[in-house]
Amino acid sequence: MNFHFAFLRLRVFVVKVFFTLHFSFFIFHFPKFLPTFANNINTHSMVTKIIEKAINEQILKEEHSSRIYLSMASWAQVNGFQGAAEWLYAQTDEERMHELKLIHYLNDRGGNALLDDLEKPAGKFKSLLDVFQQVLKHEEYISASINEIYALSIKQNDYSTGNFLQWYITEQIEEESTVRAILDQIRLTGEEKGGLFHMDKELAALAAKKRTSQLAAATTNAGI
Ligand code: OFO
């Protein structure tokens, strides 16, 4: 074997060893890169599993809100409070719109919106005052829940979800304030027949206003 041939074989051997070592290093360390790839995907486009779970829970709460108000509306209707029934029926539809908005958002962000079992809502109430006291209590609970998901989205660096939830935060301020005003009026007019009659008329007017703004929102958000 001449010297040149031996030198060539040595070079081929060195190149082979070099590539074999690099390939083995990549295969050995590849699993460590996977979480990095996954994290990048979660941070930049898809919701994390934690946010997906939180939004799915909120979807259930909005659907439950819709049922609670539907049950209250039915009670109001059979107990002669036509205006209150109209307001509560309109509120039922609004809660369903809140639910739909969340479903579309979650699916658009690569999550999977899932429905779950619902609790049975209460069907009997002591008075109109009792109904609206329960509405306020429920809205306060929903506001706290929205705020919790907002805080979670910031913790998860999910600013898109935080931005999306801003709409719900503003909506909750409005919902609570409307119900507080209704409660103040019920207390002011009193729970005597004349006062309740007047209040029911007020609620019918508020329901008509709510329906008009729902129609406007449905026209603007026709794509949701
Ligand atoms: Fe969805 O705002 Fe009431 O519950």
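I take helix axes as lines fitted to C-alpha atoms over the stretch in contact, with angles running from 0 to 180 degrees between N-to-C directions. Helices (H or I, at least four residues) and strands (E, at least two) are DSSP runs numbered from the N terminus.

**Entry 1. Basis**

I note that this is a predicted model, in which local features need pLDDT of at least 70 and side-chain atom pairs count only at pLDDT 80 or more, while totals for chains, interfaces and linings use all residues. Residues are numbered from 1 along each chain as its sequence is written.

**Entry 2. Overall content**

I looked up the secondary structure and found six helices and zero strands in the protein chain. From the N terminus on, the elements run α-α-α-α-α-α. I count a residue as buried if 20 or more other C-beta atoms lie within 10 Å of its own, as exposed if 12 or fewer do, and as partly exposed in between, with C-beta atoms placed from the backbone. Of the 224 residues in the protein chain, 26% are buried. Two residues are in contact if their C-beta atoms, placed from the backbone, lie within 7 Å. Among contacts between residues at least 6 apart in sequence, 78% join residues at least 24 apart.

**Entry 3. Helices α2 and α3**

I examined helix α2 (residues 49–78) against helix α3 (residues 82–108); their axes come within 8 Å and cross at roughly 165°. Angles under 35 degrees count as roughly parallel, over 145 as roughly antiparallel, 65 to 115 as roughly perpendicular and the rest as oblique. α2 and α3 are therefore roughly antiparallel to each other. The crossing of α2 past α3 is left-handed (the near helix is turned anticlockwise from the far one by less than a right angle; clockwise would be right-handed). I sorted the residues of this contact into 14 nonpolar, eight polar and six charged. Here Ala, Val, Leu, Ile, Met, Phe, Trp, Tyr, Cys and Pro count as nonpolar, Asp, Glu, Lys and Arg as charged, and the others, Gly among them, as polar.

**Entry 4. Ala73**

I located Ala73 in helix α2. Ala73 is buried because 21 other C-beta atoms lie within 10 Å. Leaving aside neighbours within four places in sequence, Ala73 is in contact with Ala85, Leu88, Tyr89 and Thr92. The C-alpha atoms of Ala73 and Trp87, 14 residues apart along the chain, are separated by 7.8 Å.

**Entry 5. Nonpolar cores**

I define a nonpolar core as a set of buried Ala, Val, Leu, Ile, Met, Phe, Trp, Tyr and Cys residues joined through C-beta atoms within 7 Å. The largest core has 23 residues, of which Met72, Ala76, Ala84 and Leu88 touch the most other members. Its largest share, six residues, comes from α2. Not counting residues up to four places away in sequence, Ala76 touches Phe81, Ala84, Ala85, Leu88 and Val131. Another core, of 15 residues, lies apart from the largest one and includes Ile59, Leu102, Leu106 and Ile146.

**Entry 6. Ile149**

I found Ile149 in helix α4. Ile149 is buried, with 21 other C-beta atoms within 10 Å. Neighbours within four places aside, its contacts are Ala54, Ile55, Gln58 and Leu165. Ile149 and Glu57 are 92 residues apart along the chain, and their C-alpha atoms are separated by 9.9 Å.

**Entry 7. Helices α5 and α6**

I noted that the axes of α5 and α6 come within 8 Å and cross at roughly 155°. This pair is therefore roughly antiparallel, and α5 passes α6 in a right-handed crossing. Gln185, Ile186 and Thr189 in α5 meet Gly195, His198, Met199 and Glu202 in α6. By class, these residues divide into two nonpolar, four polar and one charged.
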